[in-house]
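Q: I have a model open and would like to learn how to read it. Could you walk me through it, one feature at a time?

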Amino acid sequence: MTSPGPHSRGHSAVPNASPSPPAAGQTPEELLRRTAVGEEAAFASLYDLFSTRVFGLAKRIVRDPSQAEEVAQEVFLEIWRRASRFDAGRGSALSWVMTLTHGRSVDRVRSAQAAADRDLRVAQSSTERDVDSVVEAVEASFERRAVQRCLGSLTELQRESVTLAYYSGYSYREVAELLSAPLPTIKTRLRDGLIRLRDCLGVAT
Amino acid sequence: MRPDPHLLTGAAALDALPDDESAELAAHLAECETCAAELAGFVETAALLGAVTADTPPARLRESVLAAARATPQLPPATGRVADAGAHRAPEPADRAADGAPAPATGADVVPLRRPWYRRPQALLAAAVAAVVLAAGTAVVVVTSAPDRDVATCVSTAADARVVAPSVGTGGEVVASGQCNQATVTVAGLPPLPGGKVYQLWYLRGQEPVSMGVLATSATGSLQPVTAPLAAGTTAFAVTVEPTGGSAAPTTSPVWVVPL
Ligand SMILES: [Zn+2]
């Protein structure tokens, strides 16, 4: 959809009278840097930025809201403790945080106790989230759409493999068992699925 | 025959590899740039999947986290070697959690990231937090003025005209008038984009984004304003970063939003 906006065109571009102050320190990467030197306000901003994602992913994987809350608390404390180890040259702040969240959630769900009662069904818990504001709704809507659209571009086996591994925290061996597919097949599907997702979501390579 | 380690990157990015194969992959990555770069891209990709499950935590969690942080010492920067590169429990001279400070149990027990932090090749435009990132950019891009004189006149003089500032982004505004059935959308405050990327404007009909086209850029790099018919049910205007030519549906999170 490339058509220009309806009746566009203006000419008198006016210099911005009051250029907004460079809001340095507001990118997640910068917030992490400030957190690393003990700035609590920066850490609080990080919390505000990432808490719905951290809690939401933990909840999806561990299923139990109170356990998800514990995981989220652990994740944020790890962020606080390890902020000095974040290296923006190696990845985005978002992926650092989400990697930590996913790992923690998976660890918890794979613990012996949890594994024992593990429900192997793929429960599609469709808990509607409370939306705080229009903006949040808009952002969530856009992001969800992009991810859902891209997930929809995968083959069924790719999509099932990726979602079982990511959203349910299964190892690829468990995924293979669940889908009654050979191990090498699942490994390949996971990789192919991520390649498609990466390209569809526009992740630079 | 050992399985090909090149195929392990996908499972690794999803925390789906058992430890033995993780170790095998780690050894392989040390000497294979291709796989290291691929894994880095996969890790960024996986992080975006979390957009789907975002969920508001109980309000008490915030205070709990902040209070715990106040009582928890921080690690010093890593010197040399790769930080977070695996299971080494780094020496923690600053860790006084055992001194009776009310640090939570988890604070004393460092659980390293599950995998090394591989180099990623480039910035990630699709990052879900791009909204905040770009809002912090330079205030170079400027726009305004009356795009369509009649519409602008109607809107600017209409008794019911509302001026709404962006909730995401730092510049520009929307002036909307139901009487004129039009809105003037002025996008400003967004940084210049690298080649291959454009800003695309959308309105939201309920939750449904509808494209209003790619924002034109003047010779000076400023975005051109847009006037638009105000469709019934429009709840917001938003701008996303898209590949040149624009997208049929948004592929990134908005960097500029004006809710109506
Ligand atoms: Zn390789």
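Q: What share of the contacts in chain A between residues at least 6 apart in sequence join residues at least 24 apart?
A: A contact means heavy atoms within 4.5 Å. In this predicted model, 60% of the contacts in chain A between residues at least 6 apart in sequence join residues at least 24 apart. For chain B, residues 24 or more positions apart account for 62% of the contacts with a separation of 6 or more.

Q: How should I read the numbering and the values?
A: Residues count from 1 along each chain as its sequence is written, while chains are lettered from A and ligands numbered from 1 in the order in which they are written. The model is predicted, local features need pLDDT of at least 70, side-chain atom pairs count only at pLDDT 80 or more, totals for chains, interfaces and linings use all residues, and side-chain values use heavy atoms, with hydrogens and water left out.

Q: How many helices and strands are there in chain A?
A: Helices (H or I, at least four residues) and strands (E, at least two) are DSSP runs, numbered from the N terminus. Chain A has nine helices and zero strands, and its pattern along the sequence is α-α-α-α-α-α-α-α-α. Chain B comes to seven helices and eight strands.

Q: What percentage of chain A is buried?
A: Buried means under 20% relative accessible area, exposed over 50%, and partly exposed in between (1.4 Å probe, protein chains only). Buried residues make up 53% of the 205 residues in chain A, and 55% of the 260 residues of chain B count as buried.

Q: How is a pair of packed helices described?
A: Two packed helices are described by the angle between their axes and the distance between the axes. Axes are lines fitted to C-alpha atoms, for helices over the stretch in contact, and angles run from 0 to 180 degrees between N-to-C directions. In chain A, helix 3 (residues 65–82) and helix 4 (residues 93–110) pack at about 135 degrees, with axes 10 Å apart. That makes helix 3 of chain A oblique to helix 4 of chain A, since angles under 35 degrees count as roughly parallel, over 145 as roughly antiparallel, 65 to 115 as roughly perpendicular and the rest as oblique. Their contact includes A:Val71 and A:Val75 of helix 3 and A:Trp96 and A:Leu100 of helix 4.

Q: At what angle do helix 2 and helix 3 of chain A cross?
A: They cross at roughly 140 degrees, and their axes come within 8 Å. Among the residues making this contact are A:Phe43 and A:Phe50 of helix 2 and A:Phe76 and A:Trp80 of helix 3.

Q: Is A:His102 buried or exposed?
A: A:His102, in helix 4 of chain A, is buried, with a relative accessible area of 2%. Not counting residues up to four places away in sequence, A:His102 touches A:Leu57, A:Ile61, A:Ala165, A:Tyr166, B:Leu14 and B:Asp15. A:Ala165 and A:Tyr166 are among the buried residues of helix 7 (residues 156–166) of chain A.

Q: Which protein donors does the zinc ion have?
A: Donors are N, O and S atoms within 2.8 Å of the metal (3.2 Å for Na, K and Ca); water is not among the atoms, so sites may look incomplete. Here the protein donors are B:His6 (ND1), B:His28 (NE2), B:Cys32 (SG) and B:Cys35 (SG), at 2.0 to 2.3 Å from the zinc ion. Their spacing along the chain is H-x21-H-x3-C-x2-C. B:His28 is buried at 12% relative accessible area, and B:Cys32 is buried at 10%.
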